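Open the model in your viewer and keep the selection tool at hand. Each stop says what to select and what is there.

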Amino acid sequence: LRSKSDSADGNVPFSSIGGLFDNIDKSATVEFMGMRDAIQETLGTDARLLLKVFPKLETLFSKDNMKRSSGKSTSSSNSDPTSIESSGVSSSGKQKDTKLRMMFALHFFFRTLSSRSKRPLVLFVDDLQWVDGLSMELIQSILTDDTISNLFFFGGYRSNEVGEDHILTKSLQDIKEKRDEKELEGYLCIELKDLPQEAVGQFIADSLRLSYDEALPLTNAIFTKTLGNPFFTRQALEHLVRKNALYYDNITFRWDWNLQEKELKNLISNDLLQMVKAKIEHMEPKLQEVLMTASCTRTIFKADTILVLLQPRFLRQSQAFFGAKASEDEYKEAKKSLIELLNQAVVEGLLIPPQVVKRTKPTVRYSIGAFQSNAATGEEYAFAHDKIQETARSLICDGDEFEFLERIGNILHERAQCPVYGEDWMFFTACEHLNRVSAQYKTVPTSERKETKPDSLKKEKQLRLATLNLRSAELSIDLLAFPAALDFCEHGIGYLPTDDEELWSEKYKDTALNLFSIAAQAKYGVGDNIAAERYCNY
């Protein structure tokens with residue numbers, strides 16, 4: 001089973017682990033079905049808790065057995081809970097008890113799979129530099145449990161993006177110490193270095209259908225700048241083609257260049273991301289706008305979502321209903337044009353096409369709350385590399401960035417509330433953009449602010465932002481992400497009136513009460529009872 005952490009999902013609990021359940025192939029599903037009764041017997045009523053967060057597991061559970069569940073749960077079973085408790089999960093408080101049950105359920109789920117499988121259970125999670133806290137906590141509990149066998153876990157991360165204070169660094173140290181205490185074999189760290197110059201030379205020679213010696217001057221120039229990074233090596237080659245320094249000779253029928261090695265080096269930027277930026281800037285403006293818009297969503301995105309962000313008049317589109325501003329034919333024509341642009345980006349190597357995304361998709365859809373990932377399946381594209389997404393985002397002009405993000409955030413917020421096309425990640429992303437815009441807006445002197453809305457409209461906007469943060473906090477607390485829930489609550493409370501009389505007026509009291517209530521639950525969840533009581537006393 002494989003998964004991949006996403007930089008956009010840092011606040012989404014269990015997002016790193018959840019992707020494992022999206023990639024269960026048919027052969028594994030058949031084998032898991034044979035263990036279904038044993039899994040449900042082990043999990044008891046906690047199976048429902050798993051399904052609430054990971055709906056993809058529904059095929060592995062029998063509805064009849066779920067109905068006949070006797071009420072036993074993993075957290076109340078006789079199995080030894082030492083390994084879970086040692087991971088730092090406390091059992092005090094209702095929310096903490098729910099978190100404990102979830103961790104137990106996941107832990108015993110993987111324990112049952114590994115112990116009853118005929119083949120070793122292999123788990124792979126990539127890009128752990130973006131791992132969420134609860135996924136890391138679960139991984140730690142599994143890797144320090146000496147009762148789990150027949151399981152092999154391996155993960156990948158970029159060491160240059162993981163410092164001493166990173167959650168992964170601390171967790172790896174804890175795992176090592178606890179495995180040493182239990183006299184278990186330690187884990188192995190393998191550093192994957194960049195390609196050596198010889199390998200880069202062979203890659204370039206094969207790409208251009210030249211001999212290694214013929215490509216050597218080009219290899220030396222590119223390797224000096226890229227130091228063997230495969231992604232940047234390819235970008236450097238494409239950059240030289242765009243500069244017409246590397247060209248295909250239609251007379252000799254081979255790739256050639258007419259510059260010396262030093263001149264080739266000078267054409268390749270020291271800032272390799274600038275080459276990616278130059279590539280995107282070289283494309284037509286409409287495609288640039290598409291990539292910039294997509295970069296403000298997720299690594300994997302639906303074409304329908306991007307179309308709505310580009311043309312909000314299609315916001316309320318569905319198979320059965322189109323608003324007065326847009327007809328179904330207009331929508332189909334606009335989507336066709338967008339698909340053509342996205343496919344052009346695929347040809348340029350910037351995006352991964354839908355047929356590949358479908359086979360390797362590492363994401364998980366969440367089903368917490370009123371909106372249960374009802375979004376209709378559509379064409380899904382993915383950025384070929386997170387550096388491409390980062391570069392596309394950097395193309396947004398500094399002076400227009402916050403206006404751009406505010407527009408994206410507002411449209412995503414409205415889209416998220418659609419019962420057909422809304423997805424929970426849209427609430428989180430809308431919150432991220434709009435909170436950032438609001439924080440930046442507060443730093444601008446009053447005399448320089450562009451906004452000239454009446455106070456009544458400003459207050460409506462503040463209330464809407466508070467409500468959006470409340471919704472994100474509710475989703476987070478349901479997913480047991482206490483720090484994220486608290487962060488959303490604090491932002492939401494910041495949008496409310498500071499005057500007590502106005503705060504508890506009919507207009508604001510429900511939003512305020514819910515924000516303070518969830519903030520208190522989040523504080524209890526992380527063990528800060530004193531701070532929780534302060535929220536209760538408002």
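By the rule used here, the count comes to 22 salt bridges. A salt bridge is a side-chain nitrogen of Lys or Arg within 4 Å of a carboxyl oxygen of Asp or Glu. This is a predicted model: local features need pLDDT of at least 70, side-chain atom pairs count only at pLDDT 80 or more, and totals for chains, interfaces and linings use all residues. Residues are numbered from 1 along each chain as its sequence is written, and side-chain values use heavy atoms, with hydrogens and water left out.

Select Glu 261 and Lys 265. Their closest N and O atoms are 3.6 Å apart, in a salt bridge. The two are four residues apart in helix 13, so about one helical turn separates them. Helices (H or I, at least four residues) and strands (E, at least two) are DSSP runs, numbered from the N terminus. Glu 261 is partly exposed, at 27% relative accessibility. Buried means under 20% relative accessible area, exposed over 50%, and partly exposed in between (1.4 Å probe, protein chains only).

Now select Glu 502 and Lys 459. Their side chains form a salt bridge at 3.2 Å, N to O. Glu 502 lies in helix 24 (residues 500–503) and Lys 459 in helix 22 (residues 455–478), so the pair ties together parts that are 43 residues apart in sequence. Lys 459 is partly exposed, with a relative accessible area of 38%.

Go on to Glu 506 and Lys 509. Here too the side chains meet in a salt bridge, 3.2 Å from N to O. Glu 506 is exposed, at 62% relative accessibility. Lys 509 is partly exposed, at 30%.

Then pick Lys 4, Asp 126 and Asp 127. Salt bridges link these residues in a network.

## Covered helices

Select helix 11 (residues 216–226). Eight of its eleven residues are buried, so the rest of the structure largely encloses it. Among them are Leu 218, Ile 222 and Phe 223. Show what covers these buried residues: the cover includes helix 10 (197–208), helix 12 (230–242) and helix 14 (272–281). Leu 227 follows helix 11 and has a positive phi, near 55°.

Next, helix 4 (residues 46–53). Six of its eight residues are buried, including Leu 49, Leu 50 and Leu 51.

## A helix crossing

Select helix 15 (residues 285–294) and helix 16 (residues 303–310). Their axes come within 10 Å and cross at roughly 110°. That makes helix 15 roughly perpendicular to helix 16, a label for angles of 65 to 115 degrees. Axes are lines fitted to C-alpha atoms, for helices over the stretch in contact, and angles run from 0 to 180 degrees between N-to-C directions. Glu 289, Val 290, Thr 293 and Ala 294 in helix 15 meet Ile 306, Leu 309 and Leu 310 in helix 16. Contact means heavy atoms within 4.5 Å.

## Two loop residues

Asn 150 is in the loop between helix 8 (133–143) and strand 3 (151–155).

Select Phe 253. Its phi is also positive, about 55°. Phe 253 sits in the loop between strand 4 (246–249) and strand 5 (254–257), and is exposed, with a relative accessible area of 60%.

Methods: Parallel < 35°, antiparallel > 145°, perpendicular 65-115°, else oblique.
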